[in-house]
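Subject: Structure handover

Hello,

Here is the structure for you to look over. My notes follow below it.

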Amino acid sequence: MSVIVTSSSSSSQNNFLLILSFLFLINKKNNNQNKRIVMGLLLSRTLASKFFYPLLFSKKVHNSDFFHQQLENMMCLVSPRTGRHLQRYEKGCRQVVGCIPYRYKVNGTKENEIEVLLISAQKGSGMQFPKGGWESDESMEQAALRETIEEAGVLGSVESNLGKWYYKSKRQPTMHEGYMFPLLVSKELDNWPEMNLRKRKWLTVDEAKEICPYAWMKEALDELVSRQTTNSI
């Protein structure tokens with residue numbers, strides 16, 4: 001997994017924490033809607049991309065109580081990425097990345113039996129795995145994690161790529177080149193950027209394959225199950 005926390009990560013994290021401290025003070029002093037709007041603007045795509053999402057790749061976050069409740073509550077104020085000006089293309093294909101968030105089922109009938117998290121489509125019916133455009137200022141893994149946080153509101157470990165698929169968009173004539181990663185969920189956020197736009201639901205593998213309308217996502221899920229079976233032998 002590529003990590004964008006570099007030798008200067010310490011100062012970047014300190015700067016980010018100073019910004020958050022300032023925002024917490026604003027929020028504590030006045031919780032009205034105007035203040036929330038100001039905070040939402042400050043926690044824009046630029047700030048999130050340069051400080052917040054890189055910080056989530058740091059082991060410090062996953063191995064300690066660093067990601068405390070106040071910081072979690074700020075997640076709903078981070079603006080999701082919009083627009084296509086940074087979108088990556090390869091031979092005319094729009095490059096898309098996503099994750100299959102999963103967890104090990106409690107009291108499962110099989111060893112290492114998993115459940116997967118699906119989200120409602122923003123437009124249309126059905127449920128799917130979180131995914132979105134891979135942009136030029138991020139690695140593939142970073143884009144996959146970002147999309148998963150924005151759309152599904154979960155944190156976890158991004159694992160090795162499940163494969164590459166080609167599919168055609170339902171709304172546009174553009175061909176897409178899709179990549180999917182497993183994400184072992186370590187935390188479900190109560191607040192996340194698209195919490196008012198999507199619903200999320202844990203399902204068994206069979207339930208997920210029945211409800212998801214996309215063949216390429218089902219193939220990616222089959223690959224994850226195959227990998228889990230191999231690892232358990």
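**Cysteines**

At 2% relative accessibility, Cys212 counts as buried. Buried means under 20% relative accessible area, exposed over 50%, and partly exposed in between, with a 1.4 Å probe and protein chains only. Cys93 is buried too, with a relative accessible area of 13%. A disulfide is taken as a pair of cysteine sulfur atoms within 2.5 Å. By this rule there are zero disulfides.

**Ground rules**

This is a predicted model: local features need pLDDT of at least 70, side-chain atom pairs count only at pLDDT 80 or more, and totals for chains, interfaces and linings use all residues. Residues are numbered from 1 along each chain as its sequence is written, and side-chain values use heavy atoms, with hydrogens and water left out.

**Overall layout**

The chain has eight helices and nine strands. These are DSSP runs numbered from the N terminus: helices are H or I with at least four residues, strands are E with at least two. Of the 233 residues in the chain, 47% are buried. A contact means heavy atoms within 4.5 Å. Take the contacts between residues at least 6 apart in sequence: 72% of them join residues at least 24 apart.

**Nonpolar cores**

A nonpolar core here is a set of buried Ala, Val, Leu, Ile, Met, Phe, Trp, Tyr and Cys residues joined through side-chain atoms within 4.5 Å. The largest has 21 residues. Ile100, Val116, Leu118, Phe129, Met180 and Leu221 have the most contacts inside it. At least two residues each come from β2 (93-104), β3 (114-120), β7 (163-168), α7 (205-211) and α8 (215-232). Helix α8 gives the most, with five residues. A second, separate core has 20 residues, including Ala143, Leu145, Leu155 and Val158.

Gln95 is in strand β2. Gln95 counts as buried, at 7% relative accessibility. Leaving aside neighbours within four places in sequence, its contacts include Arg88, Glu90, Trp134, Glu177 and Tyr179.

Glu194 lies in the loop between β8 (175-188) and β9 (200-204). Glu194 is also buried, with a relative accessible area of 7%. Its side chain makes a polar contact of 2.6 Å with the side chain of Arg198. A polar contact is a pair of N or O atoms within 3.5 Å; within protein, one must be able to donate a hydrogen and the other to accept it, and residues adjacent in sequence count only if both atoms are side-chain atoms.

**Aromatics**

Rings of Phe, Tyr and Trp (its six-membered ring) pair if their centres lie within 6.5 Å; planes under 30 degrees apart are stacked, over 60 edge-to-face, and the rest tilted. The whole structure has three such pairs. Tyr102 and Tyr104 are edge-to-face: 5.9 Å centre to centre, 85° between the planes. Tyr102 is buried at 1%, whereas Tyr104 is partly exposed at 38%. The Trp165 and Trp216 rings have centres 6.3 Å apart and planes at 50°, so that pair is tilted. It links distant parts of the chain: Trp165 is in strand β7 and Trp216 in helix α8, 51 residues apart. Both tryptophans are buried. Trp165, Tyr167 and Trp216 form one aromatic cluster.

The charged end of Arg103 sits over the ring of Trp202, 4.0 Å from its centre. The test: NZ of Lys or CZ of Arg within 6 Å of the ring centre and within 35 degrees of the ring normal.

Best wishes
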